[in-house]
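Here is a briefing on a predicted model. Take a look at the structure first, then read the points below.

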Amino acid sequence: MESNQYLDVFIDESKENLQVVNDGLLELEKDPSNLSIVDEIFRAAHTLKGMSATMGYEDLSDLTHKMENVLDAIRNEKITVNSNVMDVLLDSLEYLEKMTADIAEGGTGSMNVESVVTQLNAIEKGEELSQTGTSPAVIDDESETSTSSVEGLTVDQFERTVLEQAKTDGQNVYHITVSLSEDCLLKVARVYMVFEVLEQSGEVIKSVPTVDALENEEFENHFDLILVTSEQDEELKAKIMKVSEVREVIIKPFELEAEQSSDDKQTTEENQAVSNEQPEISNDQTNDQPTDQQKKAAGNKTIRVNIERLDALMNLFEEMVIDRGRLEQISEELNHNDLKGTVERISRISGDLQNIILTMRMVPIEQVFNRFPRMVRQLTRELGKDINMEIEGAETELDRTVIDEIGDPLVHLIRNAVDHGVEMPEERKQKGKPAQGNMLLKAFHSGNHVFVEIRDDGQGINKEKVLNKAIENGVVSSDQASSLTDKQINELILASGFSTAQEISDISGRGVGLDVVKSTIESLGGSIEIESEYGKGTTFSIQLPLTLSIISVMLVMIEEETYAIPLSSIIETAVIKHTDVMKAHNKEVIDFRGHIVPLVDLRQVFEVPSAKDEEETYYSVVVVRKGDQMAGLVVDSFIGQQEIVLKSLGDYLSNVFAISGATILGNGEVALIVDSNALIK
Amino acid sequence: MSEVMQDDKVIVFKLKDEEYGIPIEHVGSIERIFNITRVPRAPKFVKGVMNLRGVITPIIDLRERFGLETVEQTESTRIIIIHVDDKSIGVIVDAANDVVDVPQEKVEPSPEVVGAVNADYIRGVAKIDQRLLILLNLEKVLSEEEFDELSTID
């Protein structure tokens, strides 16, 4: 078919439509009686059906068609929306996303969707879901992308044949569930070791999650597999348990017949499990798309541009900025009126140009936020909580580089809020709060920064508990503890080696905790703050730079050389009398606001050729920090603060000590950027 | 190196009293020397980095690299920007002003000893119109050992 040229458009639009369906479904779940939402979902599904039929993706259009029937029935009030119906619809959506992803990767988008189609049919006919018992067993396609779950390992026909063959040969077929210990750091390695053990004993027929998913660490702490072996279960168990960090191994015989019947009972459970297992994967596929809100806002026509071209444009532009500086200087010297006017115009235009180029690299934070509603929905179901999540400011734009990094910390914080923040419904009622918890995810611009807030109305931070725990874990001493402000106490939960969750749960708190979040955000040049009122709720507030390619620095001189120190790591600058410098352990230190801060002479560190030897009476010191530690960098003079474009030193000089990159100054010279983290031990 | 065996255009530059050639396809541009920023703790022959039309480019001093005595910069001092394995590197030479065709048959294998330069760096020698051109093996000049040396500094 001569449709290749339309394929990109098709994929983009399909993703857009799927996102509309996704948003709509989540909306609908909150407000089942609002049939206008159904209309919207229906329209999107209908468009998708039409497009996929035109493009010849029959499975895609068939499934959409079935969904459409159900939606139509809902619209005509033949079916009432309940959580079963929602589950099946979301399940279907997931299939559609997978198919679209398959097409995007050059596949045919065909997939066996019999189970979900059966369920859709059943709903459409108004049957209860439990009556789908007559449906045939779920059959996976070759790519193993369809239904598979922890509760019920399902096998496709091919696997079934293999298993039956094995049984008739007198082999044992086991269903093995391996749980890794919660604090296991190298999960992939452990999985690999377990597999190696098993492969020596027999043949692994199937694993859930799939081997690929396991290799990508896309699982919690346990995984299931079906093994054909001649060995006995006790033997096997002992072998697997020899792999370290394996917490538990459950081996039971795998019964094909039993599987078939239990399959049906578990259909609903499976749906949940499936949507629990794979939310992030499927959402990633939708990540790169503009969403409908944005589309509505701008009604925009877009083209895709390779980010490298944008970088090249940026480079050229920087070059021009440098020349602009020279032009301005020359016109100043010549004092020619026409020339001056023209140069001023050029300066203005290039200023506008700079803004446009910078904003071209910006993408709405929506890309990251999109996946959260579904994630929260699944978490709340797992935990038996009831949480309403709202998102504000999803259209807030951030540089792509920041967007790529911010996802994981947010996931961590949201999981934390759902797990530890918001209480169980009964508990909330006892406290006189509404049973449904509220979470707000909010992004907004302010100055040169973007703020992201995660607010919940849960139990808040118990300061006493935090303090006791911090003292117990040696994060602070009891002397220090008494002098801490409320805010400082709250921030203790971000300290490394701290975790208040008394019991470790699957959702969050597997020991590493929030310190990882903090360090990730700090590595992006951002910061994180916590406000909390005990019993009322907690707000995490993250401040992020708009872009990573342009940073604010303090320019300093050391002899004749100019260096740039990132403002994000600077606490303060100070001029200190030589006589105020003290010695401790043969090192020079200063008393900086009650802290003993070691001095680092950059002239020595950077081996700057020095003309003069005499001691100066005053030291210019830049006090920098890395986490809680500080150091005073001794320089010759401060030039001032400036926004600079961060550049790498290139492959050839990739690993220079205490230099994190370089930048080009207004006069065309290169200044090196000091990596103060490397200077603090 | 296969391109030695063909009629090659090479850029000729001077270092001390000798003339060297590098294949023109490796040469990005020839620049006047300006504003090199020293990089602390880099190897001695790395003069620093330079802003080359918005790209930070490392600059090495070929005299230092070949163990020749260093001299003050003159009017004719140039930086030749070369591209090897996706890396852009500038080399400081005494002068660069010529492009020469090197016919395949004029290239001879490198003699055992040529000045102070380690023979590893040399692909061959071409004698053209009474001029002796030393053809450099760029990969060796900027060899990986040097990169390693650079990256292990701390």
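Helix α23 (residues 514–523) of chain A lies across β10 and β11 (537–545) of chain A, and runs at about 140° to β10(A). Helices (H or I, at least four residues) and strands (E, at least two) are DSSP runs, numbered from the N terminus. Axes are lines fitted to C-alpha atoms, for helices over the stretch in contact, and angles run from 0 to 180 degrees between N-to-C directions. Two residues are in contact if their C-beta atoms, placed from the backbone, lie within 7 Å.

This is a predicted model: local features need pLDDT of at least 70, side-chain atom pairs count only at pLDDT 80 or more, and totals for chains, interfaces and linings use all residues. Residues are numbered from 1 along each chain as its sequence is written, while chains are lettered from A and ligands numbered from 1 in the order in which they are written.

**The five-stranded sheet of chain A**

- β10(A) belongs to an open sheet of five strands, in the order β6-β8-β9-β11-β10 (chain A), with mixed pairing. Two strands pair if DSSP finds at least two bridges between them.
- β6 (387–392) and β10 (527–533) of chain A are the edge strands; each has a single partner strand, so one side of each lacks a neighbour in the sheet.
- On average, neighbouring strands of this sheet are turned by 15° against each other, direction ignored.
- β6(A) and strand β8 (residues 437–446) of chain A run parallel, joined by six bridges.
- I391(A) has L441(A) in β8(A) as its bridge partner. E392(A) has K442(A), also in β8(A).
- β8(A) and strand β9 (residues 449–456) of chain A run antiparallel, joined by eight bridges. There, H445(A) is partnered by V450(A) in β9(A).

**The four-stranded sheet of chain A**

- Another open sheet has four strands in the order β2-β3-β1-β4 (chain A), and its pairing is antiparallel.
- β2 (202–208) and β4 (246–253) of chain A are at the edges with a single partner strand each, so one side of each is left without a neighbour in the sheet.
- From one strand to the next, the twist averages 25°.
- Strand β1 (residues 172–180) and strand β3 (residues 222–229) of chain A pair in the antiparallel sense over eight bridges. I176(A) stands opposite L225(A) in β3(A).
- Helix α7 (residues 187–201) of chain A packs on this sheet and touches β1, β2, β3 and β4 of chain A. The direction of α7 makes about 140° with that of β2(A).
- Helix α9 (residues 233–241) of chain A also packs on the sheet, touching β1, β3 and β4 of chain A. The direction of α9 makes about 160° with that of β4(A).

**A helix pair in chain A**

- The axes of helix α4 (residues 83–104) and helix α5 (residues 114–124) of chain A come within 10 Å and cross at roughly 145°.
- V85(A), V88(A), D91(A), S92(A) and Y95(A) in α4(A) meet V116(A), Q119(A), L120(A) and I123(A) in α5(A).
- By class, the residues of this contact are six nonpolar, two polar and one charged. Ala, Val, Leu, Ile, Met, Phe, Trp, Tyr, Cys and Pro count as nonpolar, Asp, Glu, Lys and Arg as charged, and the others, Gly among them, as polar.

**Where chain A meets chain B**

- 25 residues of chain A are in contact with 23 residues of chain B.
- α14 (307–334), β21 (659–664) and β22 (670–674) of chain A each supply at least two residues of the chain A side. The largest share, four residues, comes from α14(A).
- The chain A side has 13 nonpolar, five polar and seven charged residues.

**Confidence**

- The model scores ipTM 0.80 and pTM 0.49.
- Chain B averages a pLDDT of 78, and 81% of the residues score at least 70. pLDDT is the predictor's confidence in each residue, from 0 to 100.
- Among the elements of chain B, helix α3 (residues 144–151) has the lowest mean pLDDT (47) and strand β6 (residues 78–84) the highest (89).
- Over residues 147–154 of chain B the pLDDT is below 50. Where pLDDT is low, the predicted coordinates should not be read in detail.
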